[in-house]
Amino acid sequence: MEFYLQQDASKLDEVSSVILPLVDATHSNDVLATDSLKNADTILNGAISNAIASGDLSGKFENSQLFLNSGPGPSRILVIGTGAPDKLSGRKYKKLVQTAWSKISANPGSSVLNLLTTADTTILDQHSKVRLSVEAIGQARYRFDQFKTTPKDKPPAPNMFLVAHADSQAQLKQSVATSKAMDLCRDLGNLPGNICTPSYLAEQGHKLAAASDKVITQVLEEAEMEALGMHSLLSVGKGSAEPSKLIVINYQGGEEGVQPHVLVGKGITFDSGGISIKPGAAMDEMKYDMCGAASVMGAMQAIINMDLKINVVAIVASAENMPSSTASKPGDIYTTMSGKTVEVLNTDAEGRLVLCDALTYAERFNPKTVVDVATLTGACIIALGHHTSAVMSNDDQFAASIMSAGKQAFDTAWQLPMGEEYQEQLDSNFADLGNIGGRSAGAITAACFLSRFAESFTWAHLDIAGTAWTSGTKKGSTGRCVPLLVQHIVNQA
Ligand code: BES
Ligand code: MN
Ligand code: ZN
């Protein structure tokens, strides 16, 4: 589906469908205040004003009516209430757009003029309304039915004209790229573990390189990782028949020699827990344990599509965590690529074991900044629930810039502390550090573990365990935190 900006709100006659916002009467004495509503009312021979007068239609949030027009002009006009301007937040705006889309999506025709971007809100600017419109419709249209023998019909894809000033063009471009990148992220997440293996992720890395001559993808095989001393990463895949991979996607959009920004993704394509095996309930959801990798790959796709003038390297650390007689065991000690030794006290704390070697590998790029993204801890879900990702960093200013990118992108993250007092929880009797820090502050001690391998650069860690997918009847990947990552890189460019 294509999105365009339309500066002229009066072009009702040139489209097949129109979406019009209706302000709440308690906030305006003339609800047909806009020319577009007056035009639409004329086209419909006063049907809108009649519906309002009879009380069938009001400007209350999401109150709506679809008017059919058999005369000249658009065949469908949806009028939808936008509620109080001081209540129309990003979250509610997104819901409004999705509700509007659901009312016309059965038969929108070939083009839609969408005026929701002109909705009265004291909370959102025009740029935000443009980007939220694109991403909300992207989310609503997303399907993952490739494994159904009878896939659902493809949703219609009309050209959508968002009424907004041309100065939102950059936001439009970014949100279109972000929305497509979220689709890729969601697809990779939703794919079952028997298809989306480390090798499959490596192929996706090569695909990104095939699409642009500014991208080089290199996949490190187990033998090469062995030679580099990545014994911690390799320990995680020891029990699996699937070979582990380190996927390095190098995008050179900036000048040669300019320090790149690095994105590191946790790509555990299935996390059974290994010998410290997980309970059976909802274990299928551990196919989502590569969502950090998926969001990093999605972000790379968006960065490539936007042709950003910046250097970015993505490093995906991918393995399958399985129990077997060759699997690593609690108590085993491995030497990481950094030289530090780790005692594996719980094989289910495997994310940090693959990420630590990926972080050490990142040093060779002399990075300006490094952000790693991981579905790292159940404890993060206890701390922040399913709405906000956690960010932890060795630089408070950098953490603040990540949070601000999240806020801009409506993909929020919140900082958790990472003081030295937490570091002590990782002490081991037999190695330099243990891979678990006890029950308390589990999201923080996981980040503390990673910080030991991020001492030579500005680094932030995003724990997306609570935000990367939803459970229950609406089970599925969310595409988070692609918007945050894209915004982060855009802000550096
Ligand atoms: N992938 C899990 C974290 C996770 C669990 C994410 C549930 C989302 C939902 C991770 O590898 C893990 O198992 N972490 C353990 C760490 C513990 C053993 C210190 C956890 O959170 O229980
Ligand atoms: Mn685990
Ligand atoms: Zn895991």
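Q: Which residue bridges the zinc ion (ligand 3) and the manganese ion (ligand 2), and how far apart do the ions lie?
A: Asp271 bridges the two ions, which lie 3.2 Å apart. Helices (H or I, at least four residues) and strands (E, at least two) are DSSP runs, numbered from the N terminus.

Q: What kind of model is this, and how are things numbered?
A: This is a predicted model, in which local features need pLDDT of at least 70, side-chain atom pairs count only at pLDDT 80 or more, and totals for chains, interfaces and linings use all residues. Residues are numbered from 1 along each chain as its sequence is written, chains are lettered from A and ligands numbered from 1 in the order in which they are written, and side-chain values use heavy atoms, with hydrogens and water left out.

Q: Which residues coordinate the zinc ion (ligand 3)?
A: Lys266 (NZ), Asp271 (OD), Asp289 (OD) and Glu350 (OE) coordinate the zinc ion (ligand 3) at 2.0 to 2.4 Å. Donors are N, O and S atoms within 2.8 Å of the metal (3.2 Å for Na, K and Ca); water is not among the atoms, so sites may look incomplete. Along the chain, the donors of the zinc ion (ligand 3) follow the spacing K-x4-D-x17-D-x60-E.

Q: And what is the geometry of that zinc site?
A: The site of the zinc ion (ligand 3) is octahedral, with angles of 79 to 176° among its 6 donor atoms. Six donors count as octahedral if opposite donors are over 155 degrees apart and all others between 65 and 115; four count as square planar on those terms, or as tetrahedral if all angles lie between 85 and 135 degrees, and anything else is irregular.

Q: Now the manganese ion (ligand 2): what are its protein donors?
A: They are Asp271 (OD), Asp348 (O), Asp348 (OD) and Glu350 (OE), lying 2.0 to 2.2 Å from the manganese ion (ligand 2). The donor residues are spaced D-x76-D-x1-E in sequence.

Q: Why does the manganese ion (ligand 2) count as irregular in arrangement?
A: The arrangement is irregular because the 6 donor atoms around the manganese ion (ligand 2) subtend angles of 71 to 168°.

Q: Are Asp271 and Glu350 buried or exposed?
A: Both Asp271 and Glu350 are buried. Asp271 counts as buried because its relative accessibility is 3%, and Glu350 because its relative accessibility is 1%. Buried means under 20% relative accessible area, exposed over 50%, and partly exposed in between (1.4 Å probe, protein chains only).

Q: Changing topic, where is His461, and what does it touch?
A: His461 lies in strand β17 (residues 459-463). His461 is buried, with a relative accessible area of 0%. Not counting residues up to four places away in sequence, His461 touches Asp372, Ala374, Leu376, Ala390, Val391, Met392, Ala447 and Leu450. Contact means heavy atoms within 4.5 Å.

Q: Where does Ala317 lie, and which residues is it in contact with?
A: Ala317 lies in strand β10 (residues 311-321), and Ala317 counts as buried at 0% relative accessibility. Leaving aside neighbours within four places in sequence, the contacts of Ala317 include Lys245, Gly265, Lys266, Ile268 and Val354. Lys266 is also one of the residues that coordinate the zinc ion (ligand 3).

Q: How do helix α12 and helix α15 cross?
A: The axes of helix α12 (residues 396-408) and helix α15 (residues 482-492) come within 8 Å and cross at roughly 120°. The contact is made by Phe398, Ile402, Ala405, Gly406 and Gln408 of α12 and by Leu484, Gln487, His488 and Asn491 of α15. Axes are lines fitted to C-alpha atoms, for helices over the stretch in contact, and angles run from 0 to 180 degrees between N-to-C directions.

Q: Which phi values do Asn45 and Asp307 have?
A: Phi of Asn45 is near 50°, a positive value in a residue other than glycine. Asp307 has a positive phi of about 55° although it is not a glycine.
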